Amino acid sequence: MSSKLPIRMLADRLLVALDKDAGDRRSTGGIVIPATAAVGKRLSWARVEAIGAHVRSVEVGDRVLFDPDDRSEVEVRGEDFILLRERDLHAVASERIEEGQTGLYL
């Protein structure tokens, strides 16, 4: 995305892209569950594309867990993104793992 259009996020805002595998999923028994199936309140994972200056716990490239009901969508040059505030995140999955940590912050 950064090669197409430079975007500077403000304050505690994040620009994220939904994971490619956010559609259909498979149960442990091998049954395919379509993305449109109602399964209670299910959180979604997304990849962070840009962050604001006041974001403290997230870096570009991290995966974040959020409630898909609390989102704002935006299209930038034909690609769909989601705008979130850092406080709306439930967890961060990071490649930056320090000694004795799991890499998942809840």
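A: A strand here is a DSSP run of E with at least two residues, and a helix is a run of H or I with at least four; both are numbered from the N terminus. The model is predicted, so local features need pLDDT of at least 70 and side-chain atom pairs count only at pLDDT 80 or more, while totals for chains, interfaces and linings use all residues. Numbering starts from 1 along each chain as its sequence is written, and side-chain values use heavy atoms, with hydrogens and water left out.

The protein has nine strands and zero helices. Its order along the sequence reads β-β-β-β-β-β-β-β-β. Of its 106 residues, 27% are buried. Buried means under 20% relative accessible area, exposed means over 50%, and partly exposed lies in between (1.4 Å probe, protein chains only). The accessible surface comes to about 7,500 Å², and carbon and sulfur atoms supply 49% of that area. Areas follow Shrake-Rupley with a 1.4 Å probe; for residues, only the protein chains shown count as cover.

Now the core. A nonpolar core is a set of buried Ala, Val, Leu, Ile, Met, Phe, Trp, Tyr and Cys residues joined through side-chain atoms within 4.5 Å. The largest one has 12 residues. Its members are L14, V16, A46, V48, V55, V58, V64, F66, I82, L84, L89 and V92. Two or more of these residues come from each of β1 (13–18), β4 (44–51), β5 (63–66), β7 (79–85) and β8 (89–93).

Which residues does V48 touch, beyond four places in sequence? They are L14, L15, V16, V58, E59, V60, G61, D62 and V64. A contact is heavy atoms within 4.5 Å. Take the whole protein, at a sequence separation of 6 or more: 58% of the contacts join residues 24 or more positions apart.

Next, L18. This residue lies in strand β1. L18 counts as partly exposed because its relative accessibility is 36%. With neighbours within four places set aside, L18 is in contact with S44, W45, A46, F66, R71 and I82. A46, F66 and I82 belong to the largest core. L18 and D80 are 62 residues apart in sequence, yet their C-alpha atoms are 8.5 Å apart.

S44 returns the contact. S44 sits in strand β4. With 18% relative accessibility, S44 is buried. Beyond four places in sequence, S44 is in contact with L18, V64, L65, F66 and P68. V64 and F66 from that list are members of the largest core.

R47 is another residue of strand β4. R47 is partly exposed, at 37% relative accessibility. Outside its four-place neighbourhood, R47 is in contact with L15, V16, A17, D19, G61, D62 and R63.

Then the charged pairs. A salt bridge is a side-chain nitrogen of Lys or Arg within 4 Å of a carboxyl oxygen of Asp or Glu. The structure holds three of them. R47 forms one with E49, at 3.3 Å from N to O. These two side chains are also joined by a polar contact of 3.3 Å. A polar contact is a pair of N or O atoms within 3.5 Å; within protein, one must be able to donate a hydrogen and the other to accept it, and sequence-adjacent residues count only if both atoms are side-chain atoms.

R71, a contact of L18, pairs with E73 at 2.7 Å, N to O. R71 is partly exposed at 31% relative accessible area, whereas E73 is exposed at 55%.

Is D12 buried or exposed? D12 is buried, at 19% relative accessible area. D12 is found in the segment before β1. The closest N and O atoms of its salt bridge with R13 are 3.1 Å apart. R13 itself is partly exposed, at 29%. Aside from neighbours within four places, D12 is in contact with H54, V55, L84, R85 and E86.
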